[in-house]
Amino acid sequence: MAEATLTPAEVEERLAEAADILRRLPESRVQGHASTWPPYVREYWESYGIAEVKLRRPPPSAAAITRMDEALPWLTWLDPVDAKIAWLRANGDRWKVICWSVGMQRSAVHQHWLYGLCVIAWRLRGQAVPVKRSRQFLIDRMQAVSR
């Protein structure tokens, strides 16, 4: 199993990839009425292609969706606050926005984020997370193992 050797940095990359894949999936639409008529041109610049074109990235591959499906349950291993911080960071939100949304200062949010990544990497290695140890202990232990 390749996941057994993931480091916290690789866990961060997998969560960021999962967030990107979720954004690239097509929207779910309710079945309703459809029209076969072409769209009505309201202004002259719409008919000549002067208006901005919104480009979308191609849909993700089946392997990418499988990796996303493997990575998303990892967030259930974390406390709700740690999972929220990890997911917001995976979405590419800035630290200031994350601090505002969870109501913590920057250093505490960063430690919660690092701890969450280390817990995921630790659990992927098949080890139980030490309960009676500090967050910093697990962070230091995981950094020593991943070197």
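Buried residues account for 29% of the 147 residues in the protein chain. The model is predicted. The fold is helical: the protein chain has seven helices and zero strands. Along the sequence, the pattern reads α-α-α-α-α-α-α. Contacts between residues at least 6 apart in sequence were then examined, and 64% of them join residues at least 24 apart.

Helix H1 covers residues 8-24. Its 17 residues should span 24 Å at 1.5 Å a residue, and the end C-alpha atoms are 24 Å apart, so expectation and model agree. The buried residues of H1 are Pro8, Val11, Arg14, Leu15, Ala18, Ala19, Asp20, Ile21 and Arg24. These buried residues pack against four elements: helix H3 (62-71), helix H4 (80-90), helix H6 (106-124) and helix H7 (135-145).

Thr7 sits in the segment before H1. The relative accessible area of Thr7 is 17%, which falls under the 20% cut-off, so Thr7 counts as buried. Beyond its neighbours within four places in sequence, Thr7 is in contact with Ala121 and Ser146.

In H3, the buried residues are Ala64, Met68 and Ala71. They cover an arc of only 65 degrees around the axis, and therefore lie on the same side of H3. The buried residues of H3 pack against H1.

The nonpolar interior was examined next. In soluble globular proteins, nonpolar side chains tend to be buried together. Here, the largest nonpolar core holds 33 residues. Within this core, Val11, Leu15, Trp74, Leu78 and Ile120 touch the most other members. Two or more residues come from each of H1, H3, H4, helix H5 (95-102), H6 and H7. H6 gives the largest share of the core, ten residues.

Leu15 is one of the buried residues of H1.

His112 lies in helix H6. The relative accessible area of His112 is 16%, so His112 is buried. Leaving out residues up to four places away in sequence, His112 touches Asp82, Ile85, Met104 and Arg135.

Aromatic geometry was searched over the whole structure, and one aromatic pair was found. The partners are Trp95 and Trp113. Their ring centres are 5.3 Å apart and their planes stand at 80 degrees. An angle over 60 degrees counts as edge-to-face, so this pair is edge-to-face. The pair links distant parts of the chain, with Trp95 in helix H5 and Trp113 in helix H6, 18 residues apart. Both partners are shielded by the burial criterion: Trp95 is buried, with a relative accessible area of 14%, and Trp113 counts as buried at 9% relative accessibility.

Note on methods. Residues numbered from 1 in each chain as written. Predicted model: local features only at pLDDT ≥ 70, side-chain atom pairs only at ≥ 80, totals over all residues. Heavy atoms only, no water. Expected span 1.5 Å × (residues − 1). Buried < 20%, exposed > 50% of the residue type's maximum accessible area, 1.4 Å probe, protein only. Contact = heavy atoms within 4.5 Å. Arc of directions from axis to C-beta. Core = buried A, V, L, I, M, F, W, Y, C linked by side-chain atoms within 4.5 Å. Phe/Tyr/Trp six-rings, centres within 6.5 Å; stacked < 30°, edge-to-face > 60°.
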